[in-house]
Amino acid sequence: MNKEIRNLKQFSTSNDRFEGAHLLCPGCAHSIIVRELLNCTDDNLVIANATGCLEVCTAVYPHTSWDASWIHIGFENAATSASGAEAMYKALKRKGKLKDPDKPVKFVAFGGDGATYDIGFQFLSGAVERGHDFTYVCLDNEVYANTGGQRSSSTPIGASTTTTPAGRISYGEKKMKKDIVSIMAANGAPYVAQVSPNKWKDMVKKYQKALSIEGPAFINAMSACTTEWKFPSNETIQVSDLATDSLVFPLYEIEEGHKLTITYRPRKIIPVRDYLGAQGRFKHLFKKENEYLIEAMQKSVDAKWELLQRREEAGV
Amino acid sequence: MAEKLKLQEVEVWDGNMAFAQAMRQAQIDVVAAYPITPSTPTVHGYAKFLSDGYIDGEFVLVESEHAAMSGCVGAAAAGGRVATATSSQGFALMVEVLYQAAGMRLPIVLALVNRALASPLNVNGDHSDMYLGRDAGWIMIDAFNAQEAYDLMLMGFKIAEDLSVRLPVMINQDGFITSHTAQNVRPLQDEEAYEFIGEYQSVNPMLDFSHPVTYGAQTEEDWHFEFKARQHKALMDSKACIQEVFESFKTVTAREYNIVESYEMDDAQIAIVALGSTVESAVFAARKLREEGIKAGVVAPRLLRPFPYEAIKDALKDVKAIATLDRSSPGGALGMLYNEISAALYQGDNRPIINNYIYGLGGRDMTQENIMEIFRDIKKNADAGKLVTPLQQFSGLRGPKLSFF
Ligand SMILES: Cc1ncc(C[n+]2csc(CCOP(=O)(O)OP(=O)(O)O)c2C)c(N)n1
Ligand code: SF4
């Protein structure tokens, strides 16, 4: 059952199933994204976690940050561990072997963008196609943070990472970020959305929707990473604001694979360069020879926003 | 509740059907599986039972074997009976997760129909896959024919789920030779089989929400070593339970299983140590040679992991020469059986001459002739009291002889 949430104060002081004593960097958005999901429902939770920052920082034996059933198998298979657990739940329910058969259970998987866009892509696609009743949340920090900041297929063009470093003859990552949201909608997930922790109410609403629909839901959560994006650890929410207000990271949802709704329209759209300028990973773009890229990025963000609006209007 | 099937006293099943029937009788809660030759018919059989209402568990049709084992781990941690089947490349794709299943002490049962690993691509039976999994921390048991595949599969659940064990179990049978050959199998009736295995008992299930659990935590140098040591101990200690399960199976069926099987060994001077369907061929060959006055015998470890060093030492305490038969490419070393058997005997008073024969790769036949030739070969060593034949040879290979050391 969804928890009734009136305001941030009441929400932030309610029961906490994700304990504060973890090893994530100060300012890491992962913890906000995860805590809000765990705390937005009163249902029992089974959580599967892919290898990555969240996993290595929250379950270091003999400690655990999880006041819920939690499993980590490997880097790629969080969606499949959730599938297996959900299948067991169904089997035991049918056989009348569940301890508390009437209390609802929700299955949730967390994976970084590396785990989701790359190595676990096949596993996620399979689990969604099979229609397991679970919610997959991608903690999209656009980089393999846990292994030292290598590029993933979510890394935006122009970002300097440890495997695509900006240098004398390179401006960093050369490829476009993969459009995971469209892919997952096309894959058959009945509910797909993008969220960002600066818009906490939007995020919680989408979580509650994802958890309450039957079947697979996919949520791509922008997770600002102080360490790899290179910004001060007290600016996580400000950087996230810049992302959503410049429309680099637009907030929307897609139901039944096609019905797109934009859930946040900035009152004042800010230039992409403001977002880029706040992070060390894009510093080199402000050199004269790279400035053209900022223009190109602005154009691409504008085009994407236009497309989203047209899709919303068309309603098909 | 799933319907029961009435079985004949003797059924004609191949090894895959034997696996599938045992899995049905175990009433597994979750099977997550992906097809691969030659284990596919195990999964077909299971699916048919499901679609006819003889099973009421969940069948998760995953997109790969890595996902099959991942799904099994998630399901087993949730708390219930879990199994899957695979072979060869599929098993290789599972390897990462095999270690995780064992490390989490999840009693998953894997029906492994042995097949060669590519390349070259080959669908036939050898033991390359079985050997690939040998350090993953699973209990590994070997069936030599379809009857044993059935029996051991039933016993596999009982062993894996025993509260003193809680380790995953792999039951091996030879691809095609056993898996696709129809044989007479004497099954238990459904109730009897289910009663023998017993109800599944949960240990720290994720679906018990009054006791939240964390599975698959991280340990570094501070704890990892202790975990692995405990896991090894659990594996070593499982021998006692395995022995007990073999014994209780005997009281139900009068069929006897031992962690090391011995044939014609009472007065044997030379012995072959082999696995899988080759064991029965070797027993025939030994009996033939006995007609010529050659005192030949056969020893076959039923249990590959934990390796039964003591029982092996005991079974081979009087022989003068041994041939260890490995159905897997040695990959730049002496074969696995050679190494294990030598290690077992080096600690004992009897230190016979031990040779290593590589045979049957990619499903190449192992004939009576081949086996008799091997027996005759090692008899030369026994008679000479020293090694007079090459230490490692390829048996049944076309073209020039290939030997090493
Ligand atoms: C099969 C496998 N390959 C590689 C790794 C190494 N590895 C662990 S975490 C990780 C990166 C995680 O990145 P991401 O999924 O984006 O999560 P983040 O740490 O950024 O939250 C990598 C490459 C692994 N654990 N397993
Ligand atoms: S490296 Fe980034 S994602 Fe990882 S814990 Fe630190 S801030 Fe979070």
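**Figure 1. The loop of chain B that holds B:P306**. In this predicted model, B:P306 sits in the loop between β13 (303-305) and α10 (309-315) of chain B. Helices (H or I, at least four residues) and strands (E, at least two) are DSSP runs, numbered from the N terminus. The peptide bond joining B:R305 and B:P306 is cis, and its omega is about -5°. Residues are numbered from 1 along each chain as its sequence is written, chains are lettered from A and ligands numbered from 1 in the order in which they are written. Local features need pLDDT of at least 70, side-chain atom pairs count only at pLDDT 80 or more, totals for chains, interfaces and linings use all residues, and side-chain values use heavy atoms, with hydrogens and water left out.

**Figure 2. Two further loops of chain B, with B:P120 and B:A254**. B:P120 belongs to the loop between β5 (109-114) and α5 (128-132) of chain B. A cis peptide bond, with omega near 0°, leads from B:S119 to B:P120. B:A254 is in the loop between α8 (224-253) and β10 (260-263) of chain B. This residue, B:A254, is not a glycine, yet its phi is positive, near 65°.

**Figure 3. The interface between chain B and chain A**. Chain B brings 46 residues to the contact and chain A brings 43 residues, where contact means heavy atoms within 4.5 Å. About 3400 Å² is buried between the two chains, 59% of it on carbon and sulfur atoms. Buried area is the accessible area (1.4 Å probe) that two parts lose on being put together, summed over both. B:L207, B:F209 and B:Q218 supply 18% of the area that chain B buries against chain A, more than any other three residues.

**Figure 4. Polar pairs and elements at the interface**. Between chain B and chain A there are 20 residue pairs in polar contact, both residues at pLDDT 80 or more. A polar contact is a pair of N or O atoms within 3.5 Å; within protein, one must be able to donate a hydrogen and the other to accept it, and residues adjacent in sequence count only if both atoms are side-chain atoms. The two chains also share six salt bridges (a side-chain nitrogen of Lys or Arg within 4 Å of a carboxyl oxygen of Asp or Glu). One of them links B:D29 with A:K95, with the closest N and O atoms 2.8 Å apart. On the side of chain B that touches chain A, two or more residues come from each of β3 (58-61), α3 (65-78), α4 (88-103) and β9 (214-215) of chain B. The most come from α3(B), with nine residues.

**Figure 5. A strand pair across the two chains**. Strand β2 (residues 69-72) of chain A and β9(B) run parallel and are joined by two bridges; strands pair if DSSP finds at least two bridges between them. A:W70 has B:T214 of β9(B) as its bridge partner.

**Figure 6. Ligand 1, between chains A and B**. Around ligand 1 are 18 residues, the closest being A:H30, A:C53, A:G114, A:A115 and A:V143; a residue is counted if one of its heavy atoms lies within 4 Å. An oxygen atom of ligand 1 is 2.9 Å from a polar backbone atom of A:G114. The distance from an oxygen atom of ligand 1 to a polar backbone atom of A:V143 is 2.9 Å.
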